[in-house]
Amino acid sequence: MSVSHSSKLNKSVREQYMKLPQGDQVLVTYVWIDETGESVRCKTKTVDNEPKCIEEVSEWTFEGLCARPAEPCMSDMYLIPVQMFRDPFCLDPNKLVMCEVLKYNRKPADTNLRHTCKTVMEKVKDFHPWFGMEQEYTLLGITGHPFKWPENGFPGPLGPHYCGVGADKVYGRDIVVSHYKACLYAGVKICGTNAEAMPSQWEFQVGPCEGILIGDHLWMARYILHRVCEDFEVVATLDPKPVAVNCLSAGCHTNYSTEAMRKTGGLKYIEEAIEKLSKRHEYHICKYDPHGGMDNSRRLTGENCTSRIHEFSSGVSRWGTSIRIPHHVGQEGFGYFEDRRPSANCDPYAVTEVLVRTILLNETSSETRDYSNN
């Protein structure tokens, strides 16, 4: 692929403009999930006063025909603000706003999975469900080749890279630290990061968050990651199998607990939840990647610390299972469990909703109830 000589921008030139005062006006950047269910889009407008809460951010629209989710001749799509963050790119008082998308008729867009998730989370709020999600991703060059990998071949054994230190062991730490700091500034509940076993693959963790908040914060963390990568002229992919060789894949392991699980004797409730999950395994697999299980079929092979896609398994301190109970939880008798099945490109709203439906609302088989009018 040929590249124009003018494509390389001098990022330092931008600084003189970033320092210019903007008076009392505020930039509000609206962020939403696009028609793929995997990527985000954004656009920015000027408002006259700094919004202090999400209710002070107005609805907006975008032209859905260009982004493809709209129906023919009915292309107006509505952006409904749901969660506000500080803007780490334009700095205070500017804002980032996570949005739901409604169609021209004010019904949720096909990829608006937050709408039903919020209804379900409201239904179970007295159980105080907590989630923590471990987002794995892989850094690529603009051409799609893994960042800093040799032109042909693999950059050596996997072992030295996991939580590694040194230029010969990890690639892209500047990007990772910049993303971490940007998330903290924004108010995203990021709680950790580490290098993964595959070179140029990293992970960050978000949580614990209660209910709907985990989806809002993880999606905004993904948006910030893509924006940071723009500055470094690399790409962050959430593809569950970014390299077509027998090496590690990318997931979004999801930690889950209720108030009862977190108290003394909570292991009983964890085991009861796992029993329910075992009876609805295939339904969860269909919800755990945006393509109904096709992406996870490339990832969940039973190799490299993954379970087999069509076999449910669980155990204490077992990493190659569908559900893992951490060692300390097994010893102490309370805490949380880890669902290791969701793919890196999962929609967190879908994952957390189906967990709650199965465990707390006792849904079975492929049954899905409508709680919107309850």
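Helices (H or I, at least four residues) and strands (E, at least two) are DSSP runs, numbered from the N terminus. With that settled, select strand 8 and pick out Pro208, which is found there. The bond between Gly207 and Pro208 is a cis peptide, with omega about -5°.

Before moving on, some ground rules. This is a predicted model, where local features need pLDDT of at least 70 and side-chain atom pairs count only at pLDDT 80 or more, while totals for chains, interfaces and linings use all residues. Residues are numbered from 1 along each chain as its sequence is written, and side-chain values use heavy atoms, with hydrogens and water left out.

**Stop 1**

Strands count as paired here if DSSP finds at least two bridges between them. Click Ile190 and you'll find its bridge partner in strand 8, Val206. Five residues sit between the strands of this hairpin, and Ser200 has a positive phi near 75°.

Stay on strand 8 and show Phe204 with Tyr137. They form a tilted aromatic pair, 5.9 Å centre to centre with 50° between the planes. Rings of Phe, Tyr and Trp (its six-membered ring) pair if their centres lie within 6.5 Å; planes under 30 degrees apart count as stacked, over 60 as edge-to-face and the rest as tilted. Tyr137 belongs to strand 6 (residues 130-140) and Phe204 to strand 8, so this pair ties together parts that are 67 residues apart in sequence.

**Stop 2**

Next up is an open sheet of five strands, in the order 2-1-5-4-3 and with mixed pairing. Strand 2 (40-47) and strand 3 (60-63) are at the edges with a single partner strand each, so one side of each has no neighbour in the sheet.

Zoom in on strand 4 (residues 76-86) and strand 5 (residues 95-102), an antiparallel pair joined by eight bridges. Met84 has Val97 of strand 5 as its bridge partner. Now select the loop between strand 4 and strand 5, where Leu91 is found. Leu91 is not a glycine, yet its phi is positive at about 70°. Pro93 is in the loop between these strands too, and a cis peptide bond with omega about 5° joins Asp92 to Pro93.

**Stop 3**

Axes are lines fitted to C-alpha atoms, for helices over the stretch in contact, and angles run from 0 to 180 degrees between N-to-C directions.

The contact (heavy atoms within 4.5 Å) includes Ile175, His179 and Ala182 of helix 4, and Ile224, Leu225 and Phe232 of helix 5.

**Stop 4: helix 3 and helix 10**

Finish with helix 3 (residues 114-123) and helix 10 (residues 348-359), which pack at about 35° with their axes 9 Å apart. Which residues of helix 10 does helix 3 meet? Select Tyr349, Thr352, Glu353, Val356 and Arg357; from helix 3, Arg114, Thr116, Cys117, Val120 and Met121 meet them.
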